[in-house]
Amino acid sequence: MHKCLEIEGGQLHISDEPDLLLALFSHGAKCVPILNEKTRELDMTCFPFVVEDEEQVSLADYTKMYHRLCGIPETVMITERLRIREITTDDLPALFRLYDDPDVTAYIEPLFPYEEEREYTE
């Protein structure tokens, strides 16, 4: 079984065919294996997500998996004036500028040195 979902201009491949999964992955495709007897024998270290029963997984769950595989930050909440989302490495320059203000950092822990903070954020 193989299914290809269109998600935000990209594709997420869901399959229980080991050879197809490895071929797609080797070409940079975003893939989620479905566990069965054949895929259980596959080295899954290159696949951060695995599904046991694809019928039990919602489109929203697959979208979150796709976001993770593409490095797209998840939106936590949206209000009238605010969007709360996961931090990304693109946010670090602004974060370091904010932390330069002693009034901002008076009661919070400091950041790591830049490269350590980047690794932590990743």
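Author: Happy to! Along the sequence of this predicted model, the elements run β-β-α-β-α-α-β-β-α-α-α, giving six helices and five strands in total. Let us settle on helix H1, which covers residues 18-26.

Begin with the side chains that are hidden. Pro18, Leu21 and Leu24 are the ones to look for, as each of them is buried in H1. Viewed down the helix axis, the buried residues of H1 stay within an arc of 135°, so they line one face of the helix.

What lies over the buried residues? The cover for H1 includes strands E1 (2-7) and E2 (10-15), along with strand E3 (30-33) and helix H2 (37-40). Just after H1 comes Gly28, with a positive phi of about 85°.

Now step back to the whole chain. Of its 122 residues, 30% count as buried. The radius of gyration is 19 Å, whereas a compact globule of 122 residues would come near 14 Å. Along the principal axes, the C-alpha trace spans about 60 × 35 × 25 Å. Among contacts with a separation of 6 or more, 23% join residues 24 or more positions apart. Finally, the chain has 11 positive and 27 negative charges, and their mean positions are 4 Å apart.

Key: Residues numbered from 1 in each chain as written. Predicted model: local features only at pLDDT ≥ 70, side-chain atom pairs only at ≥ 80, totals over all residues. Heavy atoms only, no water. Helix = DSSP H or I, 4+ residues; strand = E, 2+ residues; numbered from the N terminus. Rg over C-alpha atoms; globule rule 2.2 N^0.38 Å. Buried < 20%, exposed > 50% of the residue type's maximum accessible area, 1.4 Å probe, protein only. Contact = heavy atoms within 4.5 Å. Lys, Arg positive; Asp, Glu negative; His and termini not counted. Charge placed at Lys NZ, Arg CZ, Asp CG, Glu CD. Arc of directions from axis to C-beta.
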